[in-house]
Amino acid sequence: MKMTGAQVLIECLKKEGVRVMFGYPGGVVLPIFDKLYDADIKFILTRHEQAAAHAADGYARATGKVGVCLATSGPGATNLITGIATAFMDSIPIIAITGQVKTNLIGSDAFQEADITGITRPITKHNYLVKDAGELSTIIREAFYVASTGRPGPVVIDLPVDVQLGETDFVWPEEVKMRGYSPTYEGHHGQIKKAAKAIEASRKPILYAGGGVIISGADKELKALAEKTNIPVTTTLMGMGGFPGGHKLFLGMLGMHGTAFANHAIMESDLIIAVGARFDDRVTGRLDVFAPYAKIIHIDIDPASISKNVNVDIPIVGDAKTILAGLLPLIKKAPDTAAWLKQVEKWRKDLPLKYGSSGKIKPQYVIEQIYEATRGEAIITTEVGQNQMWAAQWYKYEKPRTFISSGGLGTMGFGFPAAMGAKMGCPDKIVFDIAGDGSIQMNIQELATCVCNKIPVKVAILNNHYLGMVRQWQELFYNRRYSQTCITGPDFVKLAESYGAAGIRVTKKEEVRPAIEKALSIDNVVFMDFQIEEEENVFPMVPAGEAINRMIGGMA
Amino acid sequence: MRHIISVLVENKFGVLARISGLFSARGYNIASLAVSQTLDPAVSYMTIVVEAQDEKILEQIKKQLNKLIDVITVTDFTKKEHIDRELVLAKVAYSPGDKIKLEHLLSKCVGKIIKHKGDTAIIEAVGDHQQIRQLLEALGDLGVKELVRTGRIATLE
Ligand SMILES: Cc1ncc(C[n+]2csc(CCOP(=O)(O)OP(=O)(O)O)c2C)c(N)n1
């Protein structure tokens, strides 16, 4: 059957199961938008392309499916960049489709031309410039396959306008054949056996789980392993929700703003079982003194992640779920961790997470209240800064895909559009963006998108009138010289109302819980403006480049 | 230390940029890079000579190359028996009295005088790393005016 490139695109998206996509039109994508007009795909018109990329990303993180965004050439495409880079750093499968000028104009500095495959090369898992409508279906099939398999990641498809209009026979390639790409899923059996032996022989083991656990859906296996062996578990920011937040073996997050007990435990451990985590510098702190007594087992689907930052004793390349499932029956006797768990519990008791109780609203309290009001069942997205760390510390994530945050790139402005994407993917869930007053202003225009498309996400702005996290660094390391971190914002309540959303201002502690309950009862986007303690800090904190057991206070 | 890596890649748009971009993004230095078609026109062969202080960096380079979708195989020649060659074209100072001396030098590798005109001769030489280095040192005494090199190519024995 003859079809235009644009029709092929829509057909392929449908075959890939795409029900919703996010984006923004422009001249060279008009053939696609024209076909979308009658297509059975819900299109969410964002107010900025960056938000479209983050929304596709939030959708992918919440559902485990591939998120799709679409933008025009040149400025539309470059506006996607931050979103693509964010997805790349956190291994999130998104497909970004960009329009491109006519093939015979490419390279001529034509109107709205940008070399988008060139620009996105270092921030994509792979990218394509489609030169011929005939190759489009194969490319789309490959793109979805590459984005969602192995270590997932964003893929860009750059589609010149004449290719969208070009006619071709539609052929759906049943099979994907790529000789340069074949991810390993099964772990090496001998290595898994070695790992089992090492676990049996350990005395002070710790499980250190990252985003890979969530991506591979290995949470059940992880829990089974921890319970079978009585090994305490700590997760990275990306790993939150990969292990039940309320479990007695859970130590919370580790690293720069991790719990003191998780950091002490990993530093004193004799065996680290790293699962889908990449020993990021925010986790390890000073590398040369990191976990000096520990042997390291590292399970990861990306061979390049292994021994990149730390030397690994037992590397196992493959899918976390498959490998853990294979490892479990090989462990014949659980290690004797009784004394170790006692030590860990003592650290937990002596060095708990805590916060003070001065007159103003404490941000930690707000998050605890959101947790209680939603019974831990909400999907929480975050912006970046103190709000993000408090959200990681004070909400208990029981299930995977309930904590959505920009870990690797640390992108301010991520949380709100990601919340929209998550809500589109999981309409039955409560979706909360925990925001700073600085970050929310980076994609605040999406209020219009939410109102217009009836996407009732809740936004809790922890308003400290500062770029709080940067101010915290200035307080601690730059002698309180608050250079450009005192930031003004609009009247968030009025602003929300002007968009047709709801706004609630909260200035007193007693009003916190009722405001959250009220927000939950409103079937609309709600901005909650919590006027919090202005110079509250995130503790504990490991100064950049220090050993992770050298933490600056948990105050009271 | 210098290492020779060969990479078989899909002969597709943007592959060279992907490979070189990988090196520049991670701050690795490429000492030389030679690319050509293979017997299969859909596949290209690259010989990359790379500077890596330690094994760990070399490992990372190989793993990162392998991660690229268009890379089919990566082979590290460092610990393997291999043959490598490089081609040099040089313009050297020349006077008829030097002819014997120059020809003697060139006889130590595969080399010859291609052309001479006035006080300049253009020579070509093919050799392994050692031979080329020795030749260039010796030529230095005669006076080299211009020099171009292909970068190394290598194959397993
Ligand atoms: C796009 C972007 N620009 C700058 C930064 C650097 N940065 C990290 S945290 C932060 C402050 C965030 O302030 P706010 O959103 O008010 O949150 P708070 O820390 O007060 O909770 C800044 C500027 C960033 N992470 N992302």
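These questions and answers cover a helix, a sheet and some backbone features of a predicted model.

Me: In which helix is H54(A) found?
Reply: The helix in question covers residues 49-63 of chain A. H54(A) falls within that range, and the helix is α3.

Me: Is H54(A) buried or exposed?
Reply: Buried means under 20% relative accessible area. H54(A) has a relative accessible area of 0%, so it counts as buried.

Me: Which residues does H54(A) touch, not counting residues up to four places away in sequence?
Reply: Sequence neighbours up to four places away are left out here. The contacts of H54(A) are then T82(A), G83(A), T86(A), T411(A), G413(A), F414(A), P417(A), A418(A) and N443(A).

Me: How many of the 15 residues of α3(A) are buried?
Reply: Helix α3(A) is mostly covered. H54(A), with a relative accessible area of 0%, is buried. For α3(A) the count is 14 of 15.

Me: Which residue just after α3(A) takes a positive phi?
Reply: The phi there is about 80°. The residue just after α3(A) with this value is G64(A).

Me: Which strands stand at the edges of the open sheet of chain A?
Reply: The six strands run in the order β3-β2-β4-β5-β7-β6, with parallel pairing. An edge strand has a single partner, so one side is left without a neighbour in the sheet. In chain A these strands are β3 (42-45) and β6 (126-129).

Me: Is R375(A) buried or exposed?
Reply: R375(A) lies in the loop between α16 (363-374) and β15 (379-382) of chain A. Its phi is near 50°, a positive value in a residue other than glycine. Most residues other than glycine have a negative phi. With a relative accessible area of 61%, R375(A) is exposed.

Me: What is omega at the cis peptide bond that joins F539(A) and P540(A)?
Reply: P540(A) is found in the segment after β20 (526-531) of chain A. Most peptide bonds are trans. The bond joining F539(A) and P540(A) is cis, with omega about -5°.

Definitions and conventions:
Residues numbered from 1 in each chain as written. Chains lettered and ligands numbered in written order. Predicted model: local features only at pLDDT ≥ 70, side-chain atom pairs only at ≥ 80, totals over all residues. Heavy atoms only, no water. Helix = DSSP H or I, 4+ residues; strand = E, 2+ residues; numbered from the N terminus. Buried < 20%, exposed > 50% of the residue type's maximum accessible area, 1.4 Å probe, protein only. Contact = heavy atoms within 4.5 Å. Pairing = 2+ DSSP bridges.
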